[in-house]
Amino acid sequence: MSRAWETLDHYIAQSISSKQEQLSKRSKTKEEDEEKDGIDLLTSYMEEDSIIGSKSDKFLRDTVLNFMVAGKDTVSAALTWFFWLVSMNPVVETKIIEELKANLSAVNEATKWRTFDSKELNSLVYLHGAFCESLQLCPPVPFQTKRPIREDVLPSGHKVDPCKEIFLLSYSMGRMEAVWGKDCLEFKPERWISEQGRIKYEPSYKFMAFNAGPRTCLGKEVAFVQMKSIAATLIYNYHVEVVKGHPVRPKLSIIFHMKHGLMARVRRRMVHE
């Protein structure tokens with residue numbers, strides 16, 4: 001772990017230094033530079049007026065590390081549990097398909113393959129609610145640790161200091177009746193939809209799948225777009241059925257992986273009308 005950490009720090013430090021040097025030498029217009037050098041996430045982030053000169057290299061280092069690791073294992077884990085939950089709840093699958101039919105536009109006439117663009121994804125309220133419900137029940141990061149920078153007192157009255165580490169179990173919080181109600185263990189996307197047909201807002205300190213407050217995941221919106229685009233395309237075009245008797249249980253890991261993977265039969269939906 002120590003060697004891996006040094007390798008990451010060395011690579012990130014080189015990337016930041018190189019990018020800072022590149023930005024300092026720019027003499028052409030921004031458009032010409034972007035055409036020559038291309039656009040990347042780090043450059044865009046460092047070019048923001050609120051970032052340049054106001055953030056330390058350590059801050060940039062932590063941000064780059066976040067960019068590098070966020071969304072890889074977490075998105076794949078989230079999708080695995082999502083498809084399992086949908087497979088176990090056919091009524092939810094039917095409602096997702098109905099919503100997709102009402103919002104589809106891009107069609108490959110040769111294969112009847114249907115995809116969904118960003119505008120359509122934004123209108124998929126039920127699918128978004130299904131993902132929120134899945135992330136509540138099966139958060140990709142099932143627990144987090146926090147440590148105070150100075151001595152403090154929690155609302156419960158417990159005293160904490162920098163030597164104490166606090167474990168926040170988001171997996172347990174998502175299944176607590178006191179937090180989500182008596183139906184907390186049910187897979188109910190409707191929980192996230194208002195009477196006006198919009199997504200209900202839930203405070204990040206209640207729904208902690210993407211951390212909370214100033215520590216909220218930088219890639220939250222990107223992750224939702226990725227997951228919804230994959231799920232919309234697969235669910236509309238295919239039916240995923242978990243193999244009967246396949247053991248589904250979590251793996252002992254920082255990331256909430258499925259221990260034995262998700263063994264399933266996938267068949268093409270022949271009729272979409």
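Guide: What follows is a conversation about rings, cores, cavities and a pocket.

Guide: This is a predicted model, in which local features need pLDDT of at least 70 and side-chain atom pairs count only at pLDDT 80 or more, while totals for chains, interfaces and linings use all residues. Residues are numbered from 1 along each chain as its sequence is written, and side-chain values use heavy atoms, with hydrogens and water left out.

Visitor: Why is tryptophan 81 called buried?

Guide: Buried means under 20% relative accessible area, whereas exposed means over 50% and partly exposed is in between, with a 1.4 Å probe and protein chains only. Tryptophan 81 has a relative accessible area of 4%, and therefore it is called buried.

Visitor: What makes tryptophan 81 and tryptophan 84 an aromatic pair, and which kind is it?

Guide: Rings of Phe, Tyr and Trp (its six-membered ring) pair if their centres lie within 6.5 Å, and planes under 30 degrees apart count as stacked, over 60 as edge-to-face and the rest as tilted. The centres of tryptophan 81 and tryptophan 84 are 5.6 Å apart and their planes stand at 85°, values that make the pair edge-to-face. Both residues lie in helix α5, three residues apart, about one turn of the helix; a helix here is a DSSP run (H or I, at least four residues), numbered from the N terminus. The count by this rule is nine aromatic pairs, and ring pairs link Trp81, Trp84, Tyr171 and Phe256 into a cluster.

Visitor: What makes a group of residues a nonpolar core?

Guide: The name is given to a set of buried Ala, Val, Leu, Ile, Met, Phe, Trp, Tyr and Cys residues joined through side-chain atoms within 4.5 Å. The largest such core has 40 residues, and Phe82, Ile96 and Ile235 have the most contacts inside it. Its largest share, eight residues, comes from α5. Apart from it lies another core, of nine residues, including Ile12 and Leu23.

Visitor: Which residues does isoleucine 96 touch?

Guide: With contact taken as heavy atoms within 4.5 Å, isoleucine 96 touches Phe82, Val86, Tyr126, Leu127, Ala130 and Ile235, leaving aside residues up to four places away in sequence.

Visitor: How do you know what is a cavity and what is a pocket?

Guide: On a 1 Å grid over the protein atoms alone, a cavity is a set of points where a 1.4 Å probe fits but cannot get out, whereas a pocket is an open set with protein on both sides within 12 Å along at least five of seven lines; lining residues have an atom within 4 Å of a point. The search of the whole structure finds two cavities of 30 Å³ or more.

Visitor: What is the volume of the second largest pocket, and which residues are closest to its centre?

Guide: The second largest pocket has a volume of about 290 Å³. It is lined by 15 residues, of which Lys200, Tyr201, Glu202, Phe207 and Lys220 are the closest to its centre. Helix α11 gives the most to this lining, with three residues.

Terms used
Grid points are joined across faces, edges and corners, and a volume is the space filled by probe spheres set on the points. Helices (H or I, at least four residues) and strands (E, at least two) are DSSP runs, numbered from the N terminus.
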